[in-house]
Amino acid sequence: MTTYSLPKPSDFAHTINGKNTHLIILTNRAGMQVALTDYGARLVSALVPDKRGNLVDVVLGFDSIHGYLGAKEKYHGATIGRFGNRIANGKFNLDGTEYTLAQNNGPNSLHGGEGGFHSKVWDRQVSFKQKVDFYYVSPDGEEGFPGEVKVKVCYELTNENEIIIRFRATTDKPTVINLTNHAYFNLNGEGNSNILDHLLQIPSTHFIPIDDNQIPFGNEAPVENTPFDFRTLKKISQDIGDDDLQIKAGTGYDHTFINPNPLSQAAATAYAEDSGIQLQVYTTEPGIQLYTGNFLSADSGKSGNEYQKRGGFCFEAQHYPDSPNQPNFPNVVLRPGEEFQSQISYKFNIVK
Ligand code: BGC
């Protein structure tokens with residue numbers, strides 16, 4: 001049995017572009033422990049009690065800042081911005097002006113570009129043992145996006161074993177924004193094989209089909225009679241190998257599910273029988289991207305084990321991919337005088 005502990009703060013003391021990085025630790029009365037770093041306003045670890053009363057680290061990641069800097073997968077646990085997921089051909093038009101972004105994913109812009117929010121050292125303010133606020137000012141034109149955007153991301157660990165993430169942003173020029181968190185979870189413990197045996201429940205009746213470049217066609221498709229039907233609890237493994245065009249387009253699950261009841265109902269639930277740990281995601285966001293770690297490989301994680309393909313899954317609550325180019329998708333434009341607000345909460349329970 002693996003014994004999990006939090007990384008050491010001294011292994012997160014570093015300087016990136018003149019700014020010092022830190023490890024921040026939150027604890028609650030139920031014994032849950034969470035570690036975060038200001039590098040990417042990122043979730044590093046979440047030690048959650050399992051059905052045997054042992055603490056299990058359910059978040060994939062690294063035990064030092066160098067691990068994050070050297071990783072093949074750059075987004076572990078990070079705050080993603082300015083724009084989560086893909087923008088086709090790295091281009092969009094806003095109020096008659098065409099903007100060009102760096103193409104860092106084939107022809108597309110992914111997760112705000114190479115220099116997206118995941119790669120920045122954020123300012124931080126720890127209010128008490130259960131809450132930390134991260135701040136970042138993204139300059140006008142950063143990664144090709146218009147407007148200076150001021151972003152705040154607050155992480156709170158409640159006594160009910162819930163990590164609540166609150167996002168706020170304002171801009172001085174019209175821009176587009178889509179913020180999310182990119183934690184990879186393995187509810188049997190990070191580095192513990194793969195997540196194919198995890199059970200999922202997603203209440204969505206529709207999902208967003210994508211083309212071979214993982215860009216939406218623009219429609220919503222019914223999940224019924226497809227591998228995307230998770231309305232009743234189902235193992236990830238059950239249909240992930242199906243001969244299905246959408247499964248092929250995503251190399252597995254890498255799709256947005258339409259959230260039927262934002263905030264009032266879990267947008268997605270995952271459960272691992274071995275540990276008895278259940279994760280529920282509640283969010284204000286209209287969609288949730290289920291990503292089954294299809295491109296993970298060869299990074300050696302906190303436990304010393306290598307993260308293999310499907311070694312973790314993400315529930316990325318956000319707006320739909322490529323929304324700036326999709327007139328029928330919910331609005332992602334932020335204008336001066338408005339405040340962008342969203343919330344994601346990861347709630348952990350033990351189910352025996
Ligand atoms: C995307 C994947 C991408 C991954 C990168 C996910 O949010 O949906 O397609 O490969 O992020 O880590």
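## Open space in the model

A pocket here is an open set of grid points with protein on both sides within 12 Å along at least five of seven lines. The model you are looking at is predicted. Its second largest pocket holds about 320 Å³ of space. That pocket is lined by 19 residues, and those closest to its centre are E73, Y75, N105, L110 and H111. Sorted by class, its lining has five nonpolar, seven polar and seven charged residues.

What is the volume of the largest pocket? The figure is about 390 Å³. Its lining counts 20 residues, with R52, N188, N192, D274 and S275 closest to the centre. By class, the lining of the largest pocket is made up of five nonpolar, nine polar and six charged residues.

Rolling a probe the size of a water molecule over the atoms shows where empty space is left. How many cavities of 30 Å³ or more does a search of the whole structure find? The search turns up one. The largest cavity contains about 40 Å³ of space.

Around the largest cavity you can find G81, R82, G112, G115, G116, F117, S138, E142, E143 and F145. This lining splits into two nonpolar, five polar and three charged residues.

## A five-stranded sheet

Next, look for the open sheet built from five strands, which run in the order β20-β19-β22-β25-β28 with antiparallel pairing. Its edges are β20 (221–222) and β28 (314–318), each of which pairs on one side only.

## A closer look at N28

Finally, visit N28, which sits in the loop between β3 (23–27) and β4 (33–37). Is N28 buried or exposed? N28 has a relative accessible area of 9%, and because buried means under 20%, N28 counts as buried.

Which partners does the side chain of N28 have? One is the backbone nitrogen of A30, reached at 3.0 Å. Another is the side chain of N161, with which the N28 side chain makes a polar contact at 2.9 Å. Leaving aside neighbours within four places in sequence, N28 is in contact with Q130, L157, T158, N159 and N161.

Conventions
Residues numbered from 1 in each chain as written. Predicted model: local features only at pLDDT ≥ 70, side-chain atom pairs only at ≥ 80, totals over all residues. Heavy atoms only, no water. Pairing = 2+ DSSP bridges. Helix = DSSP H or I, 4+ residues; strand = E, 2+ residues; numbered from the N terminus. 1 Å grid on protein atoms, 1.4 Å probe; cavity = no way out; pocket = protein on both sides within 12 Å on 5 of 7 lines; lining within 4 Å. Points joined across faces, edges and corners; volume = space filled by probe spheres on them. Nonpolar A, V, L, I, M, F, W, Y, C, P; charged D, E, K, R; others polar. Buried < 20%, exposed > 50% of the residue type's maximum accessible area, 1.4 Å probe, protein only. Polar contact = N/O pair within 3.5 Å; in protein donor to acceptor, adjacent residues only side chain to side chain. Contact = heavy atoms within 4.5 Å.
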